[in-house]
Amino acid sequence: MFIILPFISAGQSAADWWYFGTNTGMHFTPTGPVAVLDGQLSSSQGCSSISDEFGNLLFYSTGEFVWDASHNPMQNSAGLIGNSNGFPAVGDASQNSYIVPRPEHPAEYYLFTIKRPGNGGLFYSKIDMNLNGGLGAVVAAEKNIMLIDSTTEMITCLRQPNNIDFWVVALSKPGDTAYAFEITSAGINTSPVLSNTGLPLIVEDRLGYLKGSQQNDKIAMTMYWAQPVQTVPFQVRMFDFDNATGQVSYDYGITPSLQDTFNYGVEFSPNGNFLYVQSFIVSDLRQYDLSSGDPAIVSASEQLVGLGYTGTGGGALQLGPDGKIYVARGAGALLARVNFPNDPGPLCGYEHDAVNLQGPVSGRGLPQFYPFFIEGEVAVIDACLGDTSFFFSNYLSADSVLWNFGDPASGVNDTSTQTNPFHIYQIPGTYTVTHIAYSAFLSDTTVVEVNIFPTQSINLPDDTVLCDGQTIVFDVGQPGALSFLWHDGSTDLAFIANDSGRVSVTLFGVCDTVSDSVQVLRLDPFDFELGDDTLVCGGTSLVIGDTIPAAYTILWSTGQSTEFIEVDSNAMYTMEIETACGILEDSIDVVFAPNVPDSLLPSDTVNCFDANFTLTRPTAAGVSFVWSDSTSSRTFEVGESQTVWLAASNECGTFVDTMNIIFNGELTTSFGADTVICDLDTVLLKGTDSLASYVWSTGDTTDSIWTKLNQRTQRYSVTITKGECSKVESIRFDLDDNACPSIDCDINFGNVFTPNGDGINDLFRPTTDCNIFTYQLSIYNRWGQLVNETNDIAHGWDGFINGEMAAEGVYYFTLSYKDGVVVDVDRNIFAGSFTLKR
């Protein structure tokens, strides 16, 4: 069974939009040309239009006017030289304008215009589509550039061999000079290639058409006869054209059978083998076979393939982007068409009323286009595996075609140059088929897909058992399947079964119709559960399992087969239950862990002697420990007051124990060793910690005491207490007169001082030659008030009290000093008086 899926490849082109006649337009769509009524152009003859590579309208013109895609006058288009040049009475030129793109500059185009009044003249203006927001504008710097000062009204364009660059050809008059202007990516070469064609023209030769072949090697010229002096106007002139050099040379003339036809419209067939000519007067469409190249044979090959409309006259001929030739008739509301222009005579498929213009009339002109039309249709036929796939090409303008069937496994059979080939695929699937049509230097590539469907089949599984909660999807979708019919009337490609019953399906496919069925049995549910994963804290064993019906086979991962088992080690325990639905399975992870110890550190403590000590943590299998310094070592070194904590943790929990440790500081004195001192001397015994309390053996509780002179041998002890710490220290003194040093020093002072600022005796300051160890001077007024005190022997009194000068009079002082000859010997207190005068 076959399914035919045609694929039409009619790509967009520069010739998709035509504007001509009186507000007449035509748009080429994938289904053919349709009339459009938005055109602003009005011309009885010449016109031009252009679209971009995607088939979007860009602009159209009559030579002196240009309209953009919005059908408004193009920016800076006013004042173009061309056509009637502002004098409508002179009429329209037959080819008043021609549009050629600038190669490799997709936004730039050249508009060639021919002026009708006088001796004509060829001009060009450049249009940049990047201007005016993408609607295009005439470039002021390249506007109305004259190329030829005297020409016919005819112009044509042909391609160079690289199929990129162009030649624009026009004929000057009088004379036989042909001008060929080269257009490349660099722009227009305004220095033309000049050719003496061998066919001289006179001033009166002007009206007609020049048309280049799609092969870019021939130019045909028709000329309307208006005056007897014209150069044999009844013949159709054939020129040879060298598209590599731009040289034009006259070849021969074709003589129509009717000598009063006034030849006007002319067009080549896409393959270049035939020439179509239409009369200006009677609009008869004739075909000539050019294949011989002999003027007599060509003239004799004339066949009348189309008749005109009564009284309207003939017009232009133009090859369309669909490979068909369109035929204009003067003031006609319809266009005729040659559907198969590559075929001879009646086989060319002339269609008299091909396109209804929906009201507007065509006039005699149609837009002229440069040779680039190679369009057509491609159709493919999907097939079943083992059958033949057929391919069709309708590229009428193609010289040859090349098919690639996308099947490299087929070897040399993977390609074909036949127009309508066939191919047999050996493997089902979707294949990418490439079609290339060639015409002269042009080519067009079309890529389509062809489906090769496998033979349809259904293979439902054997009778199936469903356990509780399960469903089964029967999916019979496959390439080539068209529709499905299940036992319940549903038509989806898949059926979901969730209960007992027979499931059946019929598949209707491209290649076959097949059926199959399956019995589904759903079993009653059965559940068992071992419970959540379990942590056993402090225990040594655990019983696990579930109650299982006797008909089921039990197998534990331990090898046991009872419903319940006792376990005593860490492991993942799995119970498998074998059922008709398969193996049911559940697992439980059992972990045994010790309880965390709840006593980790000793009680809080005070360290009385500032010595470092070490704490040692316990050990327990399966328990991790962390000290307060984030370490986990076995011991913790303590060297200062702090709070130490130790955390113990495992799966069963975490316990943190805390110990406060206070370093009380070492309790010391400055007693030194037992010693012998002068029997006249005393010693100051002094503690070093102002925060401690002291109890002396003398009963004193101050932090320091002086020794006594009442015993030859004396022992002093003190109990020092700070916080919870206490310490006892003692020292023995032996008194010996032999230990007394001689005292050979004096204290001297004046009894009067005069603090008047003269630099003499301005200070009261005792002097001495003693080795002073301690010193304290206190000065009192006569009322016993302390007015000055110092413990620096280098300082004296300057006679000021609190910044004020002291009154004259008698002052008293005491001086306490100690000589440093031996320990605390010569501790003397001296008193006296002096007089202050100013």
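Predicted model: local features only at pLDDT ≥ 70, side-chain atom pairs only at ≥ 80, totals over all residues.

In which sense do strand E23 and strand E24 pair, and over how many bridges? Select residues 274-279 for E23 and residues 285-289 for E24. The pairing is antiparallel, over five bridges.

Four strands form it, in the order E22-E23-E24-E25. The sheet is open, and the pairing is antiparallel. Now look at its edges. Strand E22 (263-268) stands at one, strand E25 (303-306) at the other. Each has a single partner strand, so one side of each is left without a neighbour in the sheet. From one strand to the next, the twist averages 30°.

**Disulfides**

Next, show the cysteines. How many disulfides does the structure hold? There are two. As background, a disulfide is a covalent bond between the sulfur atoms of two cysteines.

Select Cys384 and Cys511. Their sulfur atoms are 1.8 Å apart, and the two form a disulfide. The link is left-handed, with -110° about the S-S bond. Now colour by strand. Cys384 lies in strand E30 (residues 378-384). Cys511 is in the loop between strand E41 (501-509) and strand E42 (513-522). The pair therefore ties together parts that are 127 residues apart in sequence. Are these cysteines buried or exposed? Both Cys384 and Cys511 are buried.

Move on to Cys537 and Cys652. This pair also forms a disulfide, with the sulfur atoms 1.9 Å apart. About the S-S bond the angle is -105°, and the link is left-handed. Cys537 sits in strand E43 (residues 534-537). Cys652 is in the loop between strand E53 (642-650) and strand E54 (653-663). The pair links distant parts of the chain, 115 residues apart. Switch to a surface view here. Cys537 is partly exposed, at a relative accessible area of 35%. Cys652 is partly exposed too, at 25% relative accessibility.

**Two further cysteines**

Select Cys157. Cys157 is buried, with a relative accessible area of 1%. Then jump to Cys348. Cys348 counts as buried, at 1% relative accessibility.

In soluble globular proteins, nonpolar side chains tend to be buried together. To see this here, show side chains for Trp18, Ile254 and Leu275. These have the most contacts inside the largest nonpolar core, which has 40 residues. Which strand gives the largest share of this core? Strand E2 (residues 17-20) does, with four residues.

**Confidence**

Finish by colouring on pLDDT. The mean for the protein chain is 86, and 92% of its residues reach 70 or more. Select residues 1-11. Here pLDDT stays under 50, and the model has 35 contacts beyond four places in sequence for this stretch. Last, select residues 821-826. The pLDDT is below 50 there as well. Beyond near neighbours in sequence, residues 821-826 have 23 contacts in the model.

Methods. Residues numbered from 1 in each chain as written. Heavy atoms only, no water. Pairing = 2+ DSSP bridges. Helix = DSSP H or I, 4+ residues; strand = E, 2+ residues; numbered from the N terminus. Axes fitted to C-alpha atoms, helices over the stretch in contact; angles between N-to-C directions. Disulfide = S-S within 2.5 Å. Buried < 20%, exposed > 50% of the residue type's maximum accessible area, 1.4 Å probe, protein only. Core = buried A, V, L, I, M, F, W, Y, C linked by side-chain atoms within 4.5 Å. pLDDT = per-residue confidence, 0-100. Contact = heavy atoms within 4.5 Å.
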